[in-house]
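Subject: Handover of a structure and notes on it

Dear colleague,

Please find the sequence and structure below. I would be grateful if you would read the notes that follow with the model open.

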Amino acid sequence: MASKVRLYVDQPLGEGQTVRLDRDQAHYLFSVMRLGPGAVLTLFNGQDGEWDAEVALADKKGGALVCRTLTRPQGSPPDLWLMFAPVKKARTDFIVEKAVEMGAARIMPVLTDYTNAERVRGDRMAAHIREAAEQCGISYLPDVTEPEKLARVLDHWPDGRRLMFCDETRLGAATSLATEPRQPWAILIGPEGGFSGGERERLAGLPYALPVSLGPRILRADTAAVAALALWQAALGDWA
Ligand code: SAH
């Protein structure tokens, strides 16, 4: 049996609740996925858990679903932020998609001294997050923040959050996080040009920052993001 279609909707979910579809959602469900009246799919909205819902009305321009049963209670990711310097469009898309699959709670583009990105598009990132969440079976949507200067983010750093500073000058054995405390963390990945001397100096002096190595090879920023998320999840997150 083909796996059930999963759809994120920005509407309340509950027993007997009707969910109206917009044109894009109707196109996806009825034209692309070929569902018709009576078909059952999975819905989530990031708040009310995961629900089986039935197609009540299918139309080219819209339609309606009715929520039937709660299939999974609302889940939440470990408290992990992924901060990365935006790179070229396709690689930024990759980072965003993989961050969702790897279980980041918040995705934060940060502008560093050597960031040379094309414009970051919030709507594009939000669409990728939604699609990745639908595909990988999670019931929450990671947050995405507006791009902000790294220095500003550090100026307003929240108490109690550690920073895993992925430092490309520390090539060698990957840093083990096994003895680090389980608490809120953020991962920081630099741009293709790496971090500037000034940034490196500031990061080295922060009591909450831990410079880490991701192994003996220099990884591209998108690969580094996935590797860092895997290291963290395996030692401190929900893989552990
Ligand atoms: N141009 C730089 C490499 C930048 S790689 C140079 O040649 O030195 C992009 C980012 O990925 C880095 O800023 C760092 O955050 C991360 N990264 C890549 N490989 C890494 C490694 N082996 N250890 C830690 N961080 C790494």
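The model is predicted, so local features are given at pLDDT of at least 70 and side-chain atom pairs at pLDDT 80 or more, whereas totals for chains, interfaces and linings use all residues. Residues are numbered from 1 along each chain as its sequence is written, and side-chain values use heavy atoms, with hydrogens and water left out.

The chain contains six helices and twelve strands; these are DSSP runs numbered from the N terminus, helices being H or I with at least four residues and strands E with at least two. Its C-alpha trace spans about 60 × 35 × 35 Å along the principal axes. Of its 240 residues, 46% count as buried, a term for under 20% relative accessible area, while exposed stands for over 50% and partly exposed for values in between (1.4 Å probe, protein chains only).

Around the ligand there are 19 residues, the closest being C166, E168, E192, L214 and R217; each has a heavy atom within 4 Å of the ligand. This shell has ten nonpolar, five polar and four charged residues. In that grouping, Ala, Val, Leu, Ile, Met, Phe, Trp, Tyr, Cys and Pro are nonpolar, Asp, Glu, Lys and Arg are charged, and the others, Gly among them, are polar.

Polar contacts here are pairs of N or O atoms within 3.5 Å. A ligand oxygen lies 2.7 Å from a backbone N or O atom of C166, and an oxygen atom of the ligand is 2.7 Å from a side-chain N or O atom of E168. A polar backbone atom of G215 is 3.1 Å from a nitrogen atom of the ligand. The protein covers 86% of the 560 Å² of accessible area that the ligand has on its own, as computed by the Shrake-Rupley method with a 1.4 Å probe.

Two residues may be inspected individually. R34 is found in the loop between helix 1 (23-32) and strand 3 (40-44). Its phi is near 60°, a positive value in a residue other than glycine. Most residues other than glycine have a negative phi. R34 counts as exposed because its relative accessibility is 69%.

Q233, in contrast, is buried, with a relative accessible area of 0%, and lies in helix 6 (residues 221-236). Q233 and D123 are 110 residues apart in sequence and 27 Å apart in space, C-alpha to C-alpha.

Yours sincerely

How values were computed:
Polar contact = N/O pair within 3.5 Å; in protein donor to acceptor, adjacent residues only side chain to side chain.
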